[in-house]
Amino acid sequence: MDKDPAEGGREHELATKASKIVSDRLKAYADRGIFRSYNAESSGNGKATFKFVWLNDAAMRLVFDEKQKSLTFKDLLPNIPARSSMDKELRAFVAARSSEALPEHRRSDAKRAEVKCVNRGGNVSIVLKVKKGEFAYGVQKAVNLINEIMLGFLVDGPYYEYMIENFDIGEE
Amino acid sequence: MKRTNGKTGNEKETSAPQGVSRREFLKQSALGAGVAAVALGSAKTALAADDAKGSDELEIRIPEEIPRTQTEPAKPGSFEDNGMTGAQVFARACREEGLAALFCCPGNYTIINAIAAEGIPSFGGRTEDAMCAAADGFIRLTGEIAATSGTEGPGFTNMIMQISAANACRTPLLVLASNVRLTNEDRESGIQMQLQQPITSVMKKWGKRLITANRVHEYAGYAFRALKTGVPGPVHLDFPGEVASARFKDASELTMYWDKTKYRTESVPNPAPKEITAAVDMIQKAERPMIVAGSGVFYRKAWDALKLAAEKNDIAVAESGPCRGHFSDGHRLAASTAPNALMSVDLVIFIGQYSMPNVGEYRFNPDVKAIRIHPEAIDLGRNWPLDLGIVSEEKVALEALADALPQRSRDAWTAELAAARKSFEDQNDEYYQLGLKHSADTGLIHPACIARGLSDFLYKGDIPKEQSTFVQGGWTGSHWTRRYIRAYRPGQVLNGPYQYYSIGPDFGYTFGAGAAVQMGVGPQAPYKGAPVFGFTGDAGAGYSIMEMDTMSKYKIPAIMIVYNNNAWGVWGSGSRTARSQHMYLFQENIRYDKIAEGLGARGEYVTSPEEFTAALKRSYEVASADGVSTLINCQSKKEFTTRQYPPGTPRNASPGVGAYSH
């Protein structure tokens, strides 16, 4: 049975709305001065890439995939060998962001967004999949998660040498 | 006063037996050790020569001139008799402005002597940089203005690091220096020609090379207007000989000879009512608001207003800046020891925060809204994007907020704060247990044990927890002390290295702190006479340890803890590159305690937590009873900072106890 053209139209409309929501939310961070050197580009195949400079003066790349409904901070953390202790601890930290032990305002609701780490060749990407079409929620949680990783996980754990070597921060 | 070298009570110590002079003991040891003939011959000759003097070793003593001249009656300048010199006119203006102290090395003689003669408490130390730090430390713990001074040329340039540090801290420090006579300018006539004002152009609030003698009072007015208004910062004056030595028969010979009620105002910028309304609206909409209270709250004596405003609306408070205690760590709304709560904040109110962090340097979430209250519009919006900027002096703004805010309880937020504080203390307990294990395994003291030992001694023993003023310096060790040291009242803790982060002035800071407490200045008044505590590393000790002599000669009792890990704190950087490591290391097991003993203080050398606690107790008793200072040399190892000894060096969150940048 052929797909109802109207159905495809509604899907396209929703996807376009989703892109706009994501784009607007990210741009708001740029307008507020949180992200610097912000640039948004659409690849035309349902993906949009957002580049900006943010924590530790790191250049970050966030890819929004409309079909997958995912927000991916691509190659956020380099040089983490797969299955190393740091890799495992990072995954545990990310998973714990959905724990009921956290207050609601700090927690990522697993019913609304699913978060995971992807390690390809030692480069770790953080992927958030939006559920129920809550893209505004997804953007907020993705950005806050990165904040918690960069300012919490990396600083509180034994990773200062890692930060010196990979993010060019000073010994002090 | 007769003083002997302090006992350490440490079995590892190799002292001369009782009743035998050190010289005799060494002589016998050299002979008994079978020293090579040539060396023995030399030693015998030297010892024989000394024996010929017919004296035992001379004891370190305070010359009677020190206490006598320090307390003799003041002799301020007067227009009667021979008139007043420019130096005396300036010194009088300083006294009338309430200059609380002078810390200096000799040089700029006419000025420093006039200030001392005027009756302003004055202290002379061993190096200009340490004395500059002493003045800075004094100011940061009292809120009162102090001066530092050095001679033209090298004395002045020896203060540069600490003037820069004071500038980064926004300390209202009066920097004074002499300069060559104007008639000798550009000639290199004599010695020490140095143009000073261009050098300090990037590290002061205001400065002037006085070149017209009869304007000396006028420029004193300029200086104190700069020191006492707006955002604080160093003020630098240099005095060519003609200005300091000029003589004035009466006031009519001076320009602008008015008193301070005419040349300066106490008026301050007040917040606009609609801005307070806007702030209250934002605070009411927030679920988890936090005030970040910087040193501006301390300098404006706004701690009571801060407490009122915070309590009225259940607003958390985290401290920032180079001094702590303007919001007690013991308060139920205290957030300085609650790093886990920082990312929950939905509204931050910066007040008195002069060195603004960049986004990401404070551990707030990216959605946080921000209000900043600051005396000068030019700085609002720098580094951190604002939702509301308010031009106002800090105290009047907090009073206006306390007045306008409705009474409100935020149970969920205060519960989260309490849980975050507990979590931090639990982690400190965990680190302490690890530190005990590392100490036991190595026979050396881990910094967690030093920090915890200090904390237990200062806050959980017999000493009232508000009493002890603490200077935390150094780098590696202070990552630890910052976790365990607390501030329960204004002016209790000084964050030595801050923003500019000079390593080394900590003995100087501690001397200034000690002077402030001995004199009972400002918020130190209730604790007048109490010993003070200072903490530094072995790298820092290399810069200003000579001030143990200054502490001793003035009987300013201080207990200095030296975290001795045989290296610069950043030694790890050298470990990653060929042929580099040696540049970062010292000899191992250096005896800084012996240096202290040689400077007339006590020395203690400890390698375990138990020894450290015992040394603290002994040192405190001697300091309290006799005014004698002690250096406790804590022997540690550099590898404690590595992952080999978890947790390595903890990196602490800002704002709060861990902060050292903003």
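Tutor: A residue is called buried when its relative accessible area is under 20%, exposed when over 50%, and partly exposed in between, using a 1.4 Å probe and protein chains only. This is a predicted model, where local features need pLDDT of at least 70, side-chain atom pairs count only at pLDDT 80 or more, and totals for chains, interfaces and linings use all residues. Residues are numbered from 1 along each chain as its sequence is written, chains are lettered from A and ligands numbered from 1 in the order in which they are written, and side-chain values use heavy atoms, with hydrogens and water left out.

Student: Is B:His662 buried or exposed?

Tutor: B:His662 has 7% relative accessibility and therefore counts as buried.

Student: Which residues does B:His662 touch?

Tutor: Contact means heavy atoms within 4.5 Å. Not counting residues up to four places away in sequence, B:His662 touches several residues, among them B:Ser320, B:Gln353, B:Met356, B:Glu361 and B:Tyr498.

Student: What joins the side chains of B:His662 and B:Glu361?

Tutor: A polar contact is a pair of N or O atoms within 3.5 Å; within protein, one must be able to donate a hydrogen and the other to accept it, and residues adjacent in sequence count only if both atoms are side-chain atoms. The side chains of B:His662 and B:Glu361 are joined by such a contact, at 3.3 Å.

Student: How many salt bridges does the structure hold?

Tutor: A salt bridge is a side-chain nitrogen of Lys or Arg within 4 Å of a carboxyl oxygen of Asp or Glu. Over all chains there are 46. In one network, salt bridges link A:Arg97, A:Arg106, A:Glu148 and B:Glu416.

Student: Where do B:Glu311 and B:Lys307 lie?

Tutor: Helices (H or I, at least four residues) are DSSP runs, numbered from the N terminus. B:Glu311 and B:Lys307 are both in helix H14 (residues 303-313) of chain B, four residues apart, about one turn of the helix. The two form a salt bridge, with the closest N and O atoms 3.6 Å apart. B:Glu311 is partly exposed at 28% relative accessibility, and B:Lys307 is partly exposed at 39%.

Student: How is the salt bridge of B:Lys594 and B:Glu597 placed?

Tutor: Their side chains meet at 3.9 Å, N to O. Both residues are in helix H23 (residues 592-598) of chain B, three residues apart, so about one helical turn separates them. B:Lys594 is partly exposed at 32% relative accessibility, whereas B:Glu597 is buried at 6%.

Student: Which residue does B:Arg264 meet in a salt bridge?

Tutor: B:Arg264 meets B:Glu266, at 3.2 Å from N to O. B:Arg264 is buried, with a relative accessible area of 10%, while B:Glu266 is exposed at 65% relative accessibility.

How values were computed
Helices (H or I, at least four residues) and strands (E, at least two) are DSSP runs, numbered from the N terminus.
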